[in-house]
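Colleague: Before I use the labels attached to this model, I want to know what each of them rests on. Take me through them one at a time.

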Amino acid sequence: MTSRRSFVATSLLGVAAAAQPFKSTGKEITLAPKKTVKHWVWTNPDEKDTEAELATRYKQYYEAGVRGMFFEADSEKHFRAAKAQKLEAHRWMWTMNRGEKSLLNAHPEWYAINRKGESCADKPPYVDYYRWLCPSKPEVLQYLKDQVNTILQKDYVDGIHLDYIRFCDVILPVNLWDKYKIEQTKELPEYDYCYCDVCRSKFKAWRGTDIKDIQFPEASLSWRLFRYNAINNVVNSLAVVAGSHKKAITAAVFPTPEVARRNVRQDWTNWNLTGICPMIYHGFYKEKVDWIGDAVTEGVHFLAGRFPLYAGLFLPDFANNQELHKGIELALQHGAAGVSLFGTPKQDVLDTLKAATASSLKMI
Ligand SMILES: [Zn+2]
């Protein structure tokens, strides 16, 4: 394991320092693109945490290479405590999946409608908290813009982190098929959204066809593209709001561009973000740790350098810290700019993060 001193020096200098050209057959080769590593943690702030506990925790995070936090709720105490330890503090926001009672009661007509004509407002798919808004309605977009604007006005918030920024899963990750007793080998109408009047009329204005007149809407490429664009429009509109505050905008998304488009109509490589955290949760897809490298490779390829990718890792999916070490190394070696950890990292996990980062920087 690398000493702390050399780790800090390496992390400050970044990969660029380790990627000096070398001479082989008289030809100069750059080993890796210029980049620095930055890790993140997703967390739900617990109001019971004391300032002293938070100071200790976030100092440990920083020493392990964590540079930013995604907080699922607004807690000024947590945000400021993180910032005091040199971490960025971002607000993690559920975006299209909005079950707040006030909104459900005030605007049931804003909710998405499936291919059977059922609304998420009163008949949510899979689970009660799945209350998806329709991305095509101007009122929904305005509501979300107002929310992001309000969040980013706060001086202790460094950025907005979009979660559930997609349609409902028309196909669930395979690990959940048993749990919900569904075999989703095809797109079923009760999980396929949104067929509301606004979506129908906008699609008709765009392509001249009513989606209800298409025999197999699940096979219509234009209908798919329409829905990618509907979410793209929401994200890129929210990116303008973030830009007006000169603050960061990132998102938690499905693990690869292909899975994201296929399962949840999420076209994230076309978003105007400052960074992205694909949830490369290998256990959800019954994959092994090796797949993390494959998923990162695909994401980085299709992003084509637009913004950095941070590999989201689900700590409960790893059998032990050796596996986690391998997962972090695979992510960094395949082009991730860092990882984002879901789960509460204890000291052994932080030590693993630090060691895997140091070893990856030497290998890249
Ligand atoms: Zn709609």
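**Labels and their cut-offs**

Colleague: Why is C194 called buried?

Modeller: The relative accessible area of C194 is 0%. Buried means under 20%, exposed over 50% and partly exposed in between, with a 1.4 Å probe and protein chains only. C194 is therefore buried. This is a predicted model, in which local features need pLDDT of at least 70 and side-chain atom pairs count only at pLDDT 80 or more, while totals for chains, interfaces and linings use all residues. Residues are numbered from 1 along each chain as its sequence is written, and side-chain values use heavy atoms, with hydrogens and water left out.

Colleague: What makes C134, C194, C196 and C199 the donor residues of the zinc ion?

Modeller: Donors are N, O and S atoms within 2.8 Å of the metal (3.2 Å for Na, K and Ca); water is not among the atoms, so sites may look incomplete. The SG atoms of C134, C194, C196 and C199 coordinate the zinc ion at 2.3 to 2.4 Å. The spacing of these residues in sequence is C-x59-C-x1-C-x2-C.

Colleague: How do you know that the zinc site is tetrahedral?

Modeller: Four donors count as tetrahedral if all angles lie between 85 and 135 degrees; four count as square planar and six as octahedral if opposite donors are over 155 degrees apart and all others between 65 and 115, and anything else is irregular. The angles among the four donor atoms of the zinc ion are 101 to 115°, and the site is tetrahedral.

Colleague: How many aromatic pairs does a search of the whole structure find?

Modeller: The search finds 30. One of them joins W206 and F226, with ring centres 6.2 Å apart and planes at 45°, so that pair is tilted. Rings of Phe, Tyr and Trp (its six-membered ring) pair if their centres lie within 6.5 Å; planes under 30 degrees apart count as stacked, over 60 as edge-to-face and the rest as tilted. W206 belongs to helix α8 (residues 197–207) and F226 to helix α9 (residues 221–244), so the pair ties together parts 20 residues apart in sequence. W206 is partly exposed at 36% relative accessible area, whereas F226 is buried at 10%.

Colleague: Why is the pair of Y281 and F342 called tilted?

Modeller: Their ring centres are 6.3 Å apart and their planes stand at 50°, so the pair is tilted. Y281 is in the loop between β8 (275–278) and α11 (291–303) and F342 in strand β10 (residues 338–342), so this pair ties together parts 61 residues apart in sequence. Y281 is buried at 7%, and F342 is partly exposed at 31%.

Colleague: What makes you say that the charged end of R207 sits over the ring of W206?

Modeller: A charge sits over a ring if NZ of Lys or CZ of Arg is within 6 Å of the ring centre and within 35 degrees of the ring normal. The charged end of R207 is 3.9 Å from the centre of the W206 ring. R67 sits likewise over the ring of Y62, 3.8 Å from its centre.

Colleague: Which residues does E47 contact beyond its neighbours within four places in sequence?

Modeller: S75, K77 and H78, contact being heavy atoms within 4.5 Å. E47 is in the loop between β3 (39–43) and α3 (51–63) and is exposed at 52%.

Colleague: Is K286 buried or exposed, and what is its phi?

Modeller: K286 has a relative accessible area of 54%, so it is exposed. Its phi is near 55°, a positive value in a residue other than glycine. R265 also has a phi near 55°, but R265 is buried, at 1%.

Definitions and conventions. Helices (H or I, at least four residues) and strands (E, at least two) are DSSP runs, numbered from the N terminus.
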